[in-house]
Amino acid sequence: MKGPGGAAAELRWPCIAEVGVMKKAAVGALAIICAAIAAHAQPARIADRDIVEAYEYMLGRWLVLRQENLDFKEGFKWNQIIHREPGGVDWANPNLDVVYSEAWVALDEKSCTLIELPEIKGRYYTVQALNGWGEVTANINERNFPKHPFGKFAFCLKDTKATLPKGTQRVNLPSRKSRILMRIELGANPADALALQKKVTIKATGAPQIDQMVVKPDFPNSKLPGVEGFDKTEEILASEADLNVGMVDVRDKTRAVAKAAADPSQRARIDEVIRKYAIPAFLGEIPKMGKAVNGWLHPRVVGNYRTDYLMRSVANYTGIWANNSKEVVYFAGQGLDGGQTYTQTYPKDALPGSKTRYFWSVIVVDGVDYKVIPRYLLNKQSPLKFDDDGSLTLVFAPKQPDGIPDSNWLPTPTGKKYNLTYRFYGPSKDVTDGKYYPPPLVRTSETQTEKFIRSLKKSTK
């Protein structure tokens with residue numbers, strides 16, 4: 001039968017024209033058919049909460065894709081290592097106690113990637129591998145490979161059949177693409193660290209097939225993606241497996257959001273929910289990413305996130321390529337006023353060096369992009385001056401305060417908010433267990449409001 005609209009109306013016309021002549025049962029059946037047709041034609045309305053959760057999940061992957069895109073724009077080549085100068089990386093929250101070497105490695109069923117390390121003694125080092133979600137998948141060092149701490153290693157897929165050089169330690173990775181980050185402690189003799197770095201080599205055993213990036217994000221932290229982030233969601237999910245179990249529900253929500261986002265009638269609303277709720281909710285989670293004691297925030301999990309995809313996205317946003325707590329423990333002081341003076345005093349029986357097997361450091365980073373603010377850091381190599389009683393006082397201020405040694409002061413940005421990042425490499429047990437937190441910051445300066453109130457009180461006396 002044809003309706004008034006011709007062929008285009010074949011599916012809907014009986015629902016309108018024949019209601020009066022059909023029996024009740026037939027009408028009910030037809031209504032079900034019509035509803036099914038409508039549901040198939042237009043995705044169901046997605047709940048705001050599902051959009052927020054899907055956004056928090058996918059943001060972690062978008063941030064890694066962004067860094068991959070930026071790296072290859074800079075000149076990275078697959079299975080080739082780049083040796084950085086000290087302080088020579090530009091991503092969020094870098095560690096300035098170490099010299100970095102970086103690579104992207106590509107693997108397939110026929111090709112592994114060889115890495116050769118010199119013998120490194122008396123200083124911290126690790127070769128960290130991460131997947132496309134920012135999850136740590138390996139660390140090569142003397143702690144994880146005590147019988148083979150240096151020499152030849154091969155990153156391979158589990159099923160790769162490749163003939164490896166004699167004496168090579170095989171390290172299976174779960175991903176066809178991995179980000180490699182080697183850190184060598186600069187220590188008291190940076191020239192020695194640089195000499196060791198130059199001896200590290202990487203090369204593929206074959207010619208692996210490399211899939212092109214599905215998308216190439218290039219957004220600043222101040223303008224996170226909107227609904228367009230969900231374009232090509234299926235391809236993005238297929239390009240890198242999420243190794244963590246328990247992600248089925250959020251991935252289903254992500255696919256539902258992506259399907260609805262492809263519908264012009266829903267796309268604008270989803271974008272509005274992202275900008276009005278999802279992005280503010282995500283940014284609001286950063287100050288809540290762990291337990292806070294003495295004003296210091298200890299991330300609840302880092303490096304390997306299990307089902308905590310929100311923390312994974314936060315880590316990729318605030319300090320991409322974070323390592324796991326077996327290697328390092330981080331503490332953050334957030335939202336500090338760059339125009340104020342803060343002091344921090346370690347008692348003589350709990351100096352920062354006593355809380356780590358290798359080294360500690362603190363850096364100042366800006367409050368938006370988490371980029372390092374110059375003068376860089378204080379650490380165990382700094383020529384710190386101790387107080388008369390053996391304690392250690394550090395100062396964070398826009399200008400060096402009177403009576404404070406230059407060596408104990410880190411400059412802060414006047415008129416801006418900033419964050420502090422502490423690192424404890426090879427942390428002591430109380431640090432790893434979450435029982436230790438650095439001493440509190442004490443503000444010793446006045447704000448303009450406080451000065452005004454003080455002047456009013458003085459004038460009324």
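Here are legends for a few close-up views of this predicted model.

View 1. Let's start with some empty space. Rolling a probe the size of a water molecule over the atoms shows where empty space is left. In this model, the count comes to one cavity of 30 Å³ or more. About 290 Å³ of space lies inside the largest cavity.

View 2. Which residues lie nearest the centre of the largest cavity? Look for Asn 93, Thr 318, Gly 319, Tyr 330 and Thr 421, which are part of a lining of 24 residues. Helix 8 (309-319), strand 12 (328-337) and strand 18 (417-427) are the elements that each give two or more residues to this lining.

**View 3. The disulfide between Cys 112 and Cys 156.** A disulfide is a covalent bond between the sulfur atoms of two cysteines. The model has one disulfide, and you'll find it joining Cys 112 to Cys 156, with 2.1 Å from S to S. Are these two cysteines buried or exposed? Both Cys 112 and Cys 156 are buried.

View 4. Follow the chain and you'll see that the bond links distant parts of it, with the two cysteines 44 residues apart. Cys 112 sits in the loop between strand 2 (98-106) and strand 3 (113-117), while Cys 156 belongs to strand 6 (residues 151-156).

Conventions: Residues are numbered from 1 along each chain as its sequence is written. This is a predicted model: local features need pLDDT of at least 70, side-chain atom pairs count only at pLDDT 80 or more; totals for chains, interfaces and linings use all residues. Side-chain values use heavy atoms; hydrogens and water are left out. On a 1 Å grid over the protein atoms alone, a cavity is a set of points where a 1.4 Å probe fits but cannot get out, and a pocket is an open set with protein on both sides within 12 Å along at least five of seven lines; lining residues have an atom within 4 Å of a point. Grid points are joined across faces, edges and corners, and a volume is the space filled by probe spheres set on the points. Helices (H or I, at least four residues) and strands (E, at least two) are DSSP runs, numbered from the N terminus. A disulfide is a pair of cysteine sulfur atoms within 2.5 Å. Buried means under 20% relative accessible area, exposed over 50%, partly exposed in between (1.4 Å probe, protein chains only).
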